[in-house]
Amino acid sequence: MYYTEEKRRKNIFEVVSVVKLLSLLVCGIAFFSSDIWVTSDSAKIGGFNIITLVLFSSTLLLIYKAWSISLVRDQLNEKIIKKDIIEIAFFIGVFFVLIYLTGNYSSQYKFIYLFTIITATIQFGKKFGVAIAVLCSGIILAIDYLTFPGTMINNYFQSDLVLVGVFILTAWLIGYYVNLEKGYREYLINLANKDELTGLYNHRYFHESIRNHFNMAKKSNKAISLMLIDIDYFKYYNDLYGHTAGDLVLKEIGELLLAKGRDCDIVARYGGEEFTILMPDTDEEEAVLIGEKVREAVQNKYFSGEESLPNGKLTVSVGVSCFPGKSQSIKELINSADDALYRAKFLSKNRVESYVSILDELKNDIEDEHIDLISSIKTLISVINAKDRYTYSHTMRVVMYCQLLGDKLGISDQDKKTLKFGAYLHDIGKIEIPKEVLNKRMKLTDSEWNTIKQHPANGTEIIKSVHSLENIIPLILYHHERYDGSGYPHNLKGENIPFLARVLTVADSFDAMTSNRPYNTSKSIEESIAELERCKGIQFDPLIVDAFVEVLKSNEAQLGL
């Protein structure tokens, strides 16, 4: 709709320009055909009239064309609007001179003010057009009154009163149509751009806006931030109270977002229970602060029936990203904000997360010649996320569990970093697994299960050419080995399994047990802890299980358990 509106303004500007050019041509013709150019040598002067008229008209065309090009670039700019008003005043002055030189009260060119009245009304609406009509009428009547001999009956004044009526009627009729068209156009724009339920901008308008603002930010080298907002447990609320109550919540949160957003922000309903705020000329730090204000406002507002939700309150999770710091394209900006939102939701909900890529951290520790490969791995992970959203959320939770467990076990800073990177990349081999296998809801066949079991080896192949990632390879390759030697791919046993791989196995398995999978129903926290305890010495290192259980119990609030 933005580009349609731009095209409409451009077309109107072209029409107005043509009218103004015609008025200048009429002015030139009237001026050079007036008595001031008539002499006894009519042939010579007649030739002079034609040549001069052509030169004059050509000059006017060139000057006005240059003027119009400078104006068409930005019809909404305040400076341009001032130029338009100055231009109208210029035309009024030129026409006054023409009328004065072509006979004052007897001039046959008084109608020329119609051109200015028409263009002024089209550009600025009925009120402005009528005001210009009144001004032009006053000038004509003043000429009649001041220049006509007082000893004669002024028939021109009477006929000019009719012309005045034409001026005002023309301005009123055109202005009425302009206002009618403007109201109808605004109605259609709102219909096309606004979400009917919340009154916020809709998904389509958001994408038009982000293209426009992103391109402007790129040209001006300014920051732009994007916030994605998702209502926590909204499906639970809808199932509990029905869609009518859910719609009311969406509307109330939409109103709250509008209240918290700034005038320059684009607040839109992204889809379902997701909202977005596009923040031009805003860096990440400021965007996070705005996100916190939004989160707190929702948390502090009472919503009917919220006490029945799992956390006793209706809350939102917020993801934030920015250009140019965290993204270099519109797609990256949206995807990175989406990743931050998912991290906020899957870690504990009711929080604001800014986008942080573990692979971006990794770039600081690898050789320059492998930077492009890291970017490729980042792209592969995005592909995995698109194929299987579970894999992404699972990976981020496993990273978090590993960080807490690493602190508990007292491992070195270097091992903590290796564990974090290994946890992030441990499922990268799933890029080779077909989407229909990853998302299959029925029990896997033996062949499909064997395909799944290839992902540790596939992941190793992807990163083995990056020498700086060699210490991560054991975690990717052995995180499905079992303590009793019955795991895969190499049936390693006990302490033959690398220590960090054993740590990753516990975190990975716990999250798999507590998550809904396409082919498996999740266990409760208590059931999963009991399963860890039961499998000590069989699947898991007993010491690591004990440490992990202590981590879970001491971080219940942070983990949302």
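A: Start with the aromatic rings. Rings of Phe, Tyr and Trp (its six-membered ring) pair if their centres lie within 6.5 Å; planes under 30 degrees apart count as stacked, over 60 as edge-to-face and the rest as tilted. Keep in mind that this is a predicted model.

Q: How many aromatic pairs does this rule give?
A: The rule gives 14 aromatic pairs. One of them joins Tyr 109 and Phe 111, with 6.4 Å between the centres and 45° between the planes, a tilted pair.

Q: Are Tyr 109 and Phe 111 buried or partly exposed?
A: Buried means under 20% relative accessible area, exposed over 50%, partly exposed in between. Tyr 109 has a relative accessible area of 16%, so this residue is buried. Phe 111 has 34% relative accessibility and therefore counts as partly exposed.

Q: Which geometry do Tyr 201 and Tyr 205 show as an aromatic pair?
A: In general, a pair of aromatic rings is described by the distance of the centres and the angle of the planes. Tyr 201 and Tyr 205 are stacked, 4.1 Å centre to centre with 20° between the planes. Tyr 201 is partly exposed at 26% relative accessibility, and Tyr 205 is buried at 16%.

Q: Which residues do ring pairs link into a cluster?
A: The cluster consists of Phe 90, Phe 91, Phe 95 and Tyr 113, linked by ring pairs.

Q: Which charged residue lies over the face of Tyr 201?
A: That residue is Lys 194, at 5.2 Å from the ring centre of Tyr 201. There is another case at Phe 303, where the charged end of Lys 301 sits over the ring, 5.7 Å from its centre.

Q: Let us turn to helices. At what angle do H5 and H6 pack?
A: Two packed helices are described by the angle between their axes and the distance between the axes. For H5 (residues 126-147) and H6 (residues 155-193) the angle is about 170°, and the axes are 8 Å apart. Angles over 145 degrees count as roughly antiparallel. H5 and H6 are therefore roughly antiparallel to each other. Their contact has 16 nonpolar, four polar and three charged residues.

Q: What is the order of the strands in the open sheet of five strands?
A: The order is E2-E3-E1-E4-E5, and the pairing is mixed. E2 (266-271) and E5 (352-354) stand at the edges; each has a single partner strand, so one side of each is left without a neighbour in the sheet. From one strand to the next, the twist averages 20°.

Q: In which sense do E1 and E4 pair?
A: E1 (residues 224-231) and E4 (residues 316-323) pair in the antiparallel sense, over eight bridges. In this pairing Leu 228 stands opposite Gly 319 in E4, and Leu 226 stands opposite Ser 321 in E4. E1 also pairs with E3 in the antiparallel sense, over seven bridges. There, Asp 230 stands opposite Glu 274 in E3.

Q: How many residues of E1 are buried?
A: Eight of the eight residues of E1 are buried, so this strand is largely enclosed by the rest of the structure. Both faces are covered: one side has Ile 224, Leu 226, Leu 228 and Asp 230, the other has Ser 225, Met 227, Ile 229 and Ile 231, and all are buried.

Q: Where is Met 279 found?
A: Met 279 is in strand E3 (residues 274-280). At 0% relative accessibility, Met 279 counts as buried. Met 279 and Ile 266 are 13 residues apart in sequence, and their C-alpha atoms are 6.7 Å apart in space.

Q: Which residues does a cis peptide bond join?
A: Most residues other than glycine have a negative phi, and most peptide bonds are trans. A cis bond joins Phe 323 and Pro 324, with omega about 5°. Pro 324 is in the loop between E4 and helix H11 (330-347). A cis bond also joins Tyr 488 and Pro 489, with omega about 15°. Pro 489 lies in the loop between H19 (473-478) and H20 (499-513).

Q: Which residues other than glycine have a positive phi?
A: Asn 104 has a positive phi of about 50°, and Asn 491 has a positive phi near 55°. Asn 104 lies in the loop between H3 (78-101) and H4 (113-124) and is buried at 17% relative accessibility. Asn 491 lies in the loop between H19 and H20 and is partly exposed at 48% relative accessibility.

Methods: Residues numbered from 1 in each chain as written. Predicted model: local features only at pLDDT ≥ 70, side-chain atom pairs only at ≥ 80, totals over all residues. Heavy atoms only, no water. Buried < 20%, exposed > 50% of the residue type's maximum accessible area, 1.4 Å probe, protein only. Lys NZ or Arg CZ within 6 Å of the ring centre and 35° of its normal. Axes fitted to C-alpha atoms, helices over the stretch in contact; angles between N-to-C directions. Helix = DSSP H or I, 4+ residues; strand = E, 2+ residues; numbered from the N terminus. Parallel < 35°, antiparallel > 145°, perpendicular 65-115°, else oblique. Nonpolar A, V, L, I, M, F, W, Y, C, P; charged D, E, K, R; others polar. Pairing = 2+ DSSP bridges.
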